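Here is a friendly briefing to read alongside the structure. It goes from the overall fold to the ligand surroundings and then to the strands.

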Amino acid sequence: MGDRGLYYDTVPTGIEGLDGIIGGGLIRGRTYLISGETGTAKTLTALTFLVQGALKHGEPGIYISVDETYEQLVEGARRFGWDLEELRSKGLLEVLVPEMDLVERIREKDPTAIAKSLVESIREYVAALNAQRLVIDPIAPLVTLEKDVQVLREYIRVLVMSIEREVGATNIITTEIPSGSGAISRYGVEEFLAAGVFVLGIAKSREGAFKRVMFIRKMRWSPVNPGVYEIEIVPKVGVVVKGPVRESLMPITYLPTL
Ligand SMILES: Nc1ncnc2c1ncn2[C@@H]1O[C@H](COP(=O)(O)OP(=O)(O)OP(=O)(O)O)[C@@H](O)[C@H]1O
Ligand SMILES: [Mg+2]
């Protein structure tokens, strides 16, 4: 159970150093977006929310793996020091891998109907596990064509809104920022649906050292100082927020304020 925040029931993120910055945690039942260019640790951050949510807070979670197979995910996590299968055997985690033909189905059929049927099956898994946390990584299905953007936006909108209305977990969705686009999400709709947005990136210091950073772009109903924070990837633990960046950094991936 989360601490009672000033106005809302808050959920501890499980990410060391983050809750204090965002007013205690995430708002229970809402959806948060993690965006960033490729390799900026979106997956590791989302998994930290689930793995530490289970280990530290006893909250079961569901991970929907859109980019990787079950075997790839479990093996990657094992190298990192996380035993996802043990969490599964304890009823603290479930991994779902959607069918690969999702994109074809969205293009051929009504995206609203597809999103709703996906939500219905997510709802059943959430109920079976009594899951408190849900991650969809990433929110949009594998491949898409430029001409599908309107259709994909509608699909994402219905998916997020139906999840909030019908599932009852606290949700993290990830989305990739295409390199060089200058946007904070891939389809330009994800950030408006989210109660909070974390943009992850890589930057370089004057001395030439690479730093991983998190920009807290938006946090509804929480007095957050917008800012850039240095993050670190710690095996077995996950993503850790070290503190505000105080030096001047040169962005290597897109970041809204650097
Ligand atoms: N044990 C580790 N220690 C430090 N860094 C690590 C470790 N394991 C993975 N990484 C780094 O994490 C990065 C990948 O993070 P992650 O997969 O979460 O990124 P992502 O934003 O989800 O990428 P993608 O766009 O491909 O989905 C890798 O580039 C790798 O450098
Ligand atoms: Mg990823």
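**Overall picture**

Of the 258 residues in the protein chain, 45% count as buried. Please keep in mind that this is a predicted model. The chain contains 7 helices and 12 strands.

**Confidence**

- The average pLDDT of the protein chain is 91, and 93% of the residues score at least 70.
- Residues 1-5 have a pLDDT below 50, and this stretch makes 12 contacts in the model beyond near neighbours in sequence.

**Size and contacts**

- The radius of gyration of the protein chain is 17 Å, which agrees with the value near 18 Å that a compact globule of 258 residues would have.
- The C-alpha trace spans about 50 × 45 × 40 Å along its principal axes.
- Among contacts in the protein chain with a separation of 6 or more, 70% are between residues 24 or more positions apart.

**Around ligand 1**

- The shell around ligand 1 holds 13 residues, of which T38, K42, T43, L44 and I233 come nearest.

**A closer look at L44**

- L44, one of the residues that come nearest to ligand 1, has its place in helix α1.
- Is L44 buried or exposed? It counts as buried, because it has 21 C-beta neighbours inside 10 Å and the cut-off for a buried residue is 20 or more.
- Leaving aside residues up to four places away in sequence, L44 touches I233, G238 and V239. I233 is also among the residues that come nearest to ligand 1.
- L44 and K242 are 198 residues apart along the chain, and their C-alpha atoms are separated by 16 Å.

**Strand β3**

- In strand β3 (residues 31-36), 6 of the 6 residues are buried, so the strand is largely enclosed by the rest of the structure.
- In a regular strand the side chains alternate between the two faces of the sheet.
- Which residues cover each side of β3? T31, L33 and S35 are on one side and Y32, I34 and G36 on the other, all of them buried, and both faces are covered.
- β3 runs parallel to strand β7 (residues 170-176), and 6 bridges join the two. Within this pairing, S35 has T175 in β7 as its bridge partner.
- β3 also pairs with strand β8 (residues 196-204) in the parallel sense, over 5 bridges. Here Y32 has G196 as its bridge partner in β8, while G36 stands opposite L200.

**Strand β8 and its other partners**

- Of the 9 residues of β8, 7 are buried, so β8 too is largely enclosed by the rest of the structure.
- β8 pairs with strand β9 (residues 210-219) in the antiparallel sense over 9 bridges, with I202 opposite R212 in β9.
- The hairpin of β8 and β9 has 5 residues between the strands, and G208 in this hairpin takes a positive phi near 95°.
- Strand β12 (residues 250-251) pairs with β8 in the antiparallel sense over 2 bridges. The bridge partner of K204 in β12 is M250.

**To take away**

- β8 links to β3 by parallel pairing, to β9 by antiparallel pairing and to β12 by antiparallel pairing.

Note on methods
Residues are numbered from 1 along each chain as its sequence is written. Chains are lettered from A and ligands numbered from 1 in the order in which they are written. This is a predicted model: local features need pLDDT of at least 70, side-chain atom pairs count only at pLDDT 80 or more; totals for chains, interfaces and linings use all residues. A residue is near a molecule or strand if its C-beta atom, placed from the backbone, lies within 6 Å of it. pLDDT is the predictor's confidence in each residue, from 0 to 100. Two residues are in contact if their C-beta atoms, placed from the backbone, lie within 7 Å. A residue is buried if 20 or more other C-beta atoms lie within 10 Å of its own, exposed if 12 or fewer, and partly exposed in between; C-beta atoms are placed from the backbone. Helices (H or I, at least four residues) and strands (E, at least two) are DSSP runs, numbered from the N terminus. Two strands pair if DSSP finds at least two bridges between them. The radius of gyration is taken over C-alpha atoms; the globule rule is 2.2 Å times the number of residues to the power 0.38.
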